[in-house]
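Please look at the sequence and the structure before starting.

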Amino acid sequence: MRARALIAGLIAAARGLAALGAALALAAAASAQAPGAQGVTAASAFGVAPWREAVVSVADLDASAAWLIEDGGWQEVAAGPLSPAELAYWKLPDTAAGAFRLVCAAGVETGCIRFVRFDNAGPQRPIRLAARPWDTGGIFSIMLRSEDVQSLFDAAIARGWWAESEPYRFAFAGSQLVNVVVQGPHGVNYALYQRSAPPFTQFPVGRLSQAFNSMRMVKDQPKSLAWYREVLGFATLFDAPYTDPEPRPNNFSVPANLATTIVRQAAVVQPVLPGETGRIEVMQFVGLAGRDLGAHAAPPNFGIISVRYPVRAFDAYMAHLRARGAAPAYQGQGVAITGLGVVDIAALRDPDGNLTEFYAAR
C-alpha cells in the first residue's frame with residue numbers, strides 16, 4: 001500500500017511539473033508578442049482573468065456604500081466580519097478585527113467593490129490625504145459607466161461628496177464622452193463615464209455599471225507601463241498622450257491656461273485582449289510635479305487598497321513573477337475571504353507603491 005501511495009504521489013508531482021512547464025512555455029511565447037497584440041498574453045497563459053473586485057478601506061461601511069446602492073442601483077451580495085486569516089494576511093496586529101460589505105452592480109459578479117473596515121489595527125490616515133490628481137502613489141480612482149452621469153453627479157453632491165469638476169465633455173479615440181470624478185469619504189474617487197457615440201454595448205450600463213478600470217497616477221509612465229507589461233505580463237490596450245484642444249476647465253483640475261500644454265500621458269493595460277473589463281490605467285501629468293504618497297498605500301489606511309485578479313495557475317504565475325524580481329508584499333495560503341472562498345493570495349507593489357492582488361480558490 002505504501003508503494004502504491006508513493007507511486008501515485010510521484011505521478012501527481014510529475015503531472016504538476018508538466019502543467020507548470022506548459023504554462024511557462026506558453027507565457028514565454030506570449031511575452032514575445034507585439035505590444036497590444038490580440039489573443040494570448042503572458043498573464044492570460046496562467047489564467048489571469050479580469051479583476052473581480054476592488055478593496056476599499058473605510059471607517060463607515062454603510063456611508064461609503066450608500067451612493068452605489070441607493071443612487072446607483074448596486075446590490076449588497078455579502079457582509080460580515082473579516083476572518084482572522086485575512087487580517088493576518090494583511091500583516092495587521094493580533095488586536096485587529098474588522099468587517100466588510102461586498103457590493104456589485106445588479107446581475108454581475110465582477111467589477112465589484114469590497115468595502116472593509118479595520119478596527120484596533122493601529123493608526124489610520126487616508127492614503128491620498130489632501131491629494132491633487134498629479135500627486136502620485138495610491139490608486140486614484142475606480143471607473144464605472146453610466147447612462148446619466150449628470151444625475152449620479154448630482155446625487156453625490158447632495159450627499160456632501162465633492163468632485164474634481166462638473167461633468168466634462170470631450171472626445172477621445174473616436175468616442176464622444178462625458179466624464180466626472182466624484183469624491184466620497186476618505187478621498188476615494190469614482191470616475192464616471194458616459195459614452196454618447198458610438199453606443200456602448202459590450203456590457204449593461206444602466207444607471208451605474210460594474211467597475212471596469214482603476215487609475216493610478218505615476219511618476220514615470222513608461223517605467224510603470226513596462227512593469228505591468230514585462231512583469232505582470234499584461235497587454236497594452238492603448239498608450240496615448242492627451243491635451244485639451246482649447247483652454248478650458250477639465251476633469252482633472254489642470255488650470256485652463258495650462259490645459260493645452262500639460263500632457264496627460266495615459267496607458268491602459270489588462271490581462272486579456274480584447275475585453276472591456278479588468279483594466280488598470282497609469283497616467284503621468286508631464287510637467288507637473290506632485291507629492292509621492294506611495295508609502296501610505298497599505299492597510300489599515302483609508303482608500304482604495306487594491307484590485308483583485310483571479311488566476312488559475314497560481315503557483316506557476318507566482319514563479320513567473322518572482323523570476324522577474326517581483327516578490328509579493330503580502331502573501332497568504334488558505335485565507336478565508338467571504339465571497340471568494342478559501343484562497344491562496346498575494347499582493348505585489350508596482351513602481352509607485354500601489355498594490356495589485358492575485359488569488360486562486362482552493
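Predicted model: local features only at pLDDT ≥ 70, side-chain atom pairs only at ≥ 80, totals over all residues.

**Exercise 1.** Classify the pair formed by phenylalanine 234 and tyrosine 309, and explain what it ties together.

Solution. Begin with the geometry: the ring centres of phenylalanine 234 and tyrosine 309 are 5.2 Å apart, with 70 degrees between the planes. Because planes over 60 degrees apart count as edge-to-face, this pair is edge-to-face. Next, locate the partners: phenylalanine 234 lies in the loop between α6 (221-230) and β11 (235-242), whereas tyrosine 309 belongs to strand β14 (residues 303-310), so the pair ties together parts that are 75 residues apart in sequence. Finally, consider accessibility: both phenylalanine 234 and tyrosine 309 are buried.

**Exercise 2.** Describe the pair of phenylalanine 252 and phenylalanine 285 in the manner of the previous exercise.

Solution. The centres of phenylalanine 252 and phenylalanine 285 lie 5.7 Å apart and their planes make 80 degrees, which is an edge-to-face arrangement. Phenylalanine 252 sits in the loop between β11 and β12 (263-270), and phenylalanine 285 in strand β13 (residues 279-286), so that the pair links distant parts of the chain, 33 residues apart. Phenylalanine 252 and phenylalanine 285 are both buried.

**Exercise 3.** Over the ring of which residue does the charged end of lysine 91 sit?

Solution. The charged end of lysine 91 is found over the ring of tyrosine 330, at 5.2 Å from the ring centre.

Conventions
Residues numbered from 1 in each chain as written. Heavy atoms only, no water. Phe/Tyr/Trp six-rings, centres within 6.5 Å; stacked < 30°, edge-to-face > 60°. Helix = DSSP H or I, 4+ residues; strand = E, 2+ residues; numbered from the N terminus. Buried < 20%, exposed > 50% of the residue type's maximum accessible area, 1.4 Å probe, protein only. Lys NZ or Arg CZ within 6 Å of the ring centre and 35° of its normal.
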